[in-house]
Structure formats: structure tokens, C-alpha cells
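Keep the sequence and the 3D view side by side.

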Amino acid sequence: TSSIAALLARGERSFSFEFFPPKDAAGEEILWRSISELEELRPTFVSVTYGAGGSTRDRTIEITGRIARETSMTPMAHLTCVGHTVEEIDQILDSLAAAGVRNVLALRGDPVGGPGTPWVPTPGGVDYAADLVALVRRREQFAVGVAVFPEGHRDCADLEQDVRVMRAKYDAGAEFAITEMVLRASDYLALVERSRAAGIDIPIIPGIMPILNLNSMRKMVELSGREMPAEVLRRIEPLADDPEAVRAEGIRIATELCDELLAGGAPGLHFYTLNRSKATREIYTSLACHA
Ligand code: FAD
């Protein structure tokens, strides 16, 4: 399979889809159905998240390996520092390489107590994504991406500190970045501006998650330490009693956001699919660039 850094360097618009390892057989069936439905859109790459702990962690290697072997798509495995020694990280990288996976999204991971709780170091491990980037880059076979945050990471003192963290990941060898879900195009554009001003010249791909259910979106936004934009709430809240209408308006809002991001120069779009294909396909086919 290909290096995502090389795919992005071709300068074509990138489309990518993110999945998570399912917990049971029913979830597994839904995942592979979604993967095959989204394969038809010929994404630039697809990614699989890394669990907070426990048995789903090995599943990231299995699923990305199977995507590499059995589909036409380029997989990327997410990997975090949580609970791992450097030795374990090296073993995981061996397994990924053996499975034919050439791309890693290097993350710190949330603290074991959940977002907002204190970070607990693992003896023999590393504490920051930048250190993990360096570990992965020691091996030439991997392209490495990192996470960035349109409004700054929730635990970051201010945007200046947030830029310093981005710069550290860049200096460690990050070749591209994917953002936490973007709530407003202007946040993404400001992030790109801050990054460029700090000399960070890698592709920054905005993350997209449509509102399909207002309450679950509210929870996710809250976990990220942010607030739902007033202009979005003004459109969604009046529909709160009608789940179908919320979903339809959520898709419209996300499609408009995607169009604005691409028009503003975003190199592509990264969709958080939650292992479903329908909403992503609806947005993808409605984009101005596909009209
Ligand atoms: P870091 O860059 O290490 O930053 C973490 C915190 O430490 C920040 O507040 C930062 O400001 C601070 N910091 C960094 N370096 C220093 C330093 N040298 N000194 C002091 N403070 C510092 N989580 C998962 O568990 N699995 C996944 O698969 C996953 N995928 C994700 C994909 C994307 C695209 C995104 C945006 C997030 C994902 N996450 C995932 C969540 C992510 O792990 C959390 O947001 C985590 O809290 C931050 O990760 P990071 O890689 O940005 O960490």
C-alpha cells in the first residue's frame, strides 16, 4: 500500500474516512458493509482508530491489515501513547509493518480517566504525541500524521502553546495533520494561518462530523471542551422534535461547511463515519466539486 504523505503530495483533493474497531460481531458486519460501500468513492485513504485500552487495540492492526490485503484502499492505523512502553510501541509497529500497513496517525490519546482528567504517565513510555512521532519516524517504512485542534486542544493553556505543540510534532517528523471535527470553517482557516505563520507547511486536513442527533453531538462537542456554534443551534434547535429533520439539516450544514473548507483551500476532507456509510455518501455526493 502507499504512503499517505506521497498521496497528498500529488496535490489532488484528498478524501478519507475514519472507522473504529467494533465491539461485537454485529458491529463487525456493519463496519465491513460500510467499508465496501465507501470503497466505491475511491478515497485517498481510510483510517482506523486505536482504543483506550483492552482487546480492541489489536483489532486496529487486524482491520487495517485486512483493508491492506483485501481492498483497493490505503489504510492508516491510529496509535496512542496510553499505557504503552516504548518496547510495546516497537512491537506494535512491527505488527503493522508485517500486516502491510505503512501509515500511522501518532497520538497521545486521552487520559485513562477520559478527556479533562489528569494525564498519567506509563513507566517506560512516552507522554506526548511528538515523542511518538519520533519513535515511528525512526523507521523509514511509515508515513506519520498527527492530530491538530481547530480551537486549540482542550487542555492547552492558549493558542500560542497549542501552536508550539503542533510545531514540536512537525519537528519530530509529522508529514500531515488531521483536525478534530471542525465546527466552523473560520476556525479551520485560522488554524491553518497559525500553523503557516509558525513554519508548519504540511497538509492539514479538516475533520468532518455531521449532526445526525443533536444530543450526541452536544456531548461530543462538550468532551472536546468547546461549544456548539450559535448559528448551527439556530438552525437545528427548532427541529429538535423531529429526528429526521434534524438529520437532514445536519447533513445540509455539514455539506455547506465542506464546500466552504474546500473553497478556502483545504487539501481534502476527513470524515468521521462512526462506521456508517450513508451520511458520508450523502455529503460526498452533494459537494459543489462533485456537482
Ligand atoms: P499531544 O500533542 O501530546 O497533546 C496532548 C496535550 O498535551 C495537549 O494539551 C498539549 O497542549 C499538551 N502538550 C503536548 N506537548 C507538550 C509538552 N512538551 N509540554 C507540555 N504540554 C504538552 N484518541 C484515541 O485514544 N484513539 C484514537 O484513535 C484517536 N484518534 C484521533 C484522531 C484525530 C484526528 C484527533 C483529532 C484526535 C484523536 N484522538 C484519538 C484523541 C486524542 O488522542 C486526544 O485529543 C488527546 O487528548 C490529544 O492527543 P494529541 O495527539 O494531540 O496529544
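How many strands make up the closed barrel, and with what pairing? The barrel has 8 strands, runs β1-β2-β3-β4-β5-β6-β7-β8 and is closed, with parallel pairing. Neighbouring strands of this sheet are turned by 30° against each other on average, direction ignored. Here axes are lines fitted to C-alpha atoms, for helices over the stretch in contact, and angles run from 0 to 180 degrees between N-to-C directions.

Some ground rules come next. This is a predicted model, in which local features need pLDDT of at least 70 and side-chain atom pairs count only at pLDDT 80 or more, while totals for chains, interfaces and linings use all residues. Residues are numbered from 1 along each chain as its sequence is written. Helices (H or I, at least four residues) and strands (E, at least two) are DSSP runs, numbered from the N terminus. Two strands pair if DSSP finds at least two bridges between them. Strands of a sheet pair through backbone hydrogen bonds, either parallel or antiparallel.

Start at strand β2, residues 45-48. β2 pairs with β3 in the parallel sense over 3 bridges.

Now move to strand β5, residues 143-148. Is this strand buried or exposed? It is mostly covered: 6 of its 6 residues are buried (20 or more other C-beta atoms within 10 Å of the residue's own, with C-beta atoms placed from the backbone). A143, G145 and A147 point one way, V144, V146 and V148 the other, and all are buried.

β5 has parallel neighbours on both sides of the strand order. 4 bridges join β4 to β5, and V104 has V144 as its bridge partner in β5. Another 4 bridges join β5 to β6, where I178 is the partner of A147.

β4, α5 and β5 make a right-handed β-α-β unit. β5, α6 and β6 make one as well. Right-handed means that, with the strands pointing away from the viewer, the path from the first strand over the helix to the second runs clockwise.

Finally, look at the ligand. There are 24 residues around it (C-beta atom, placed from the backbone, within 6 Å), and T49, H78, R108, A129 and A147 come nearest. The elements giving two or more residues to this shell are β3 (75-80), β4 (103-107), α5 (129-137), α6 (159-172) and β6 (176-181). α6 gives the largest share, 4 residues. By class, the shell has 12 nonpolar, 7 polar and 5 charged residues. Ala, Val, Leu, Ile, Met, Phe, Trp, Tyr, Cys and Pro count as nonpolar, Asp, Glu, Lys and Arg as charged, and the others, Gly among them, as polar.

Conventions
Buried ≥ 20, exposed ≤ 12 C-beta atoms within 10 Å, placed from the backbone.
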